[in-house]
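Please open the structure in a viewer and keep the selection panel at hand.

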Amino acid sequence: MTTTFPTGLAAVLAAIDDACAKAGRDRDSVTLVAASKTVSAAAIEDVIAAGQRVFGENRVQEAKAKWPDLLATHPGVELHVIGPVQSNKARDAVALADTIHSVDRASLCVALAREIERQQRAPRLLVQVNTGEEPQKSGVLPADVDAFIANCRADFGLDIVGVTAIPPAGAPPEPHFALLAAIAERNGLPQLSMGMSSDFAVAIEYGATHVRVGSAVFGART
Ligand SMILES: *Cc1c(COP(=O)(O)O)cnc(C)c1O
């Protein structure tokens, strides 16, 4: 075997160590979710071989094509769904995912609750918040999120454990990370999914527990 440790992964892990040290945080409080959209199964296997255990896909359809085999052959590896879930994909999302980062509307809650009951399998669930209030982006608006989280629990029996945000492209992410952290805090949620290749170190400073990093791990998407 002549496998070399993937350089992108090594650099990201070193930067996470660094950011945790600077923020005075325990390294174990941050999980790297390697965002593997468009990445081949072979390239994912190199990163698994280097010890990475948590991966994220943003399209359920792509996850369904790539991941059943990878999960079957690599026990202990977990897949997170990090992108929008159409209600008719709830079945596949519940079957494949350890965590779904993108609960964002009542119709999806209905579909998830039905599948969790049917499959007797309950992924951890995070509510996506549209912190930048961007019309084209999915996610619950900040003004509506407390009520939405309460409804997820009371009306659908969903155990929400955290919140997710994707700050507007090109804007300073700090206010969005601070807003998401405040939402988690006041709703008693332990998980904060925020930070991508360009800003994961900043996200860790603001309390991220899950950073979703793609291109910095795998190289630029073509
Ligand atoms: C692709 C993706 C990421 C990672 O983006 P990079 O900029 O490549 O790190 C994070 N979150 C979501 C929802 C994504 O789709």
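The stops below concern a ligand site, a strand residue and a pair of helices. The coordinates are those of a predicted model.

**First stop: the ligand**

Select the ligand and display the residues that surround it. Ala35, Lys37, Asn58, Ile82, Ile166 and Met196 are among them; the surrounding set also includes Ser197, Arg212, Val213, Gly214, Ser215 and Arg221.

A polar backbone atom of Gly214 is 2.8 Å from a ligand oxygen. For Ser215, a backbone N or O atom lies 2.8 Å from an oxygen atom of the ligand. Arg221 contributes a polar side-chain atom, which lies 2.8 Å from an oxygen atom of the ligand. Taken on its own, the ligand has 390 Å² of accessible area, of which the protein covers 90%.

**Second stop: Glu78**

Now select Glu78, which is found in strand E3, residues 78-81.

Which residues does Glu78 contact when its neighbours within four places in sequence are left aside? They are Arg53, Val54, Phe55, Leu71, Asp98 and Arg124. Then place a distance label between the C-alpha atoms of Glu78 and Ala97; these atoms are separated by 7.2 Å, although the two residues are 19 residues apart along the chain.

Finally, select residues 106-119 for helix H5 and residues 145-156 for helix H6. Two packed helices are described by the angle between their axes and the distance between the axes. Here the angle is about 35° and the axes of H5 and H6 are 11 Å apart. The crossing of H5 past H6 is right-handed.

To view the contact itself, show the side chains of Ala106, Cys109, Val110 and Ala113 on H5, together with Phe148, Cys152 and Phe156 on H6. By class, this contact of H5 with H6 has 7 nonpolar residues, with no polar and no charged ones.

Conventions: Residues are numbered from 1 along each chain as its sequence is written. This is a predicted model: local features need pLDDT of at least 70, side-chain atom pairs count only at pLDDT 80 or more; totals for chains, interfaces and linings use all residues. Side-chain values use heavy atoms; hydrogens and water are left out. Axes are lines fitted to C-alpha atoms, for helices over the stretch in contact, and angles run from 0 to 180 degrees between N-to-C directions. Helices (H or I, at least four residues) and strands (E, at least two) are DSSP runs, numbered from the N terminus. A crossing is left-handed if the near helix is turned anticlockwise from the far one by less than a right angle, and right-handed if clockwise. Contact means heavy atoms within 4.5 Å. Ala, Val, Leu, Ile, Met, Phe, Trp, Tyr, Cys and Pro count as nonpolar, Asp, Glu, Lys and Arg as charged, and the others, Gly among them, as polar. A residue is near a molecule or strand if one of its heavy atoms lies within 4 Å of it. A polar contact is a pair of N or O atoms within 3.5 Å; within protein, one must be able to donate a hydrogen and the other to accept it, and residues adjacent in sequence count only if both atoms are side-chain atoms. Accessible areas come from the Shrake-Rupley method with a 1.4 Å probe; for residues, only the protein chains shown count as cover.
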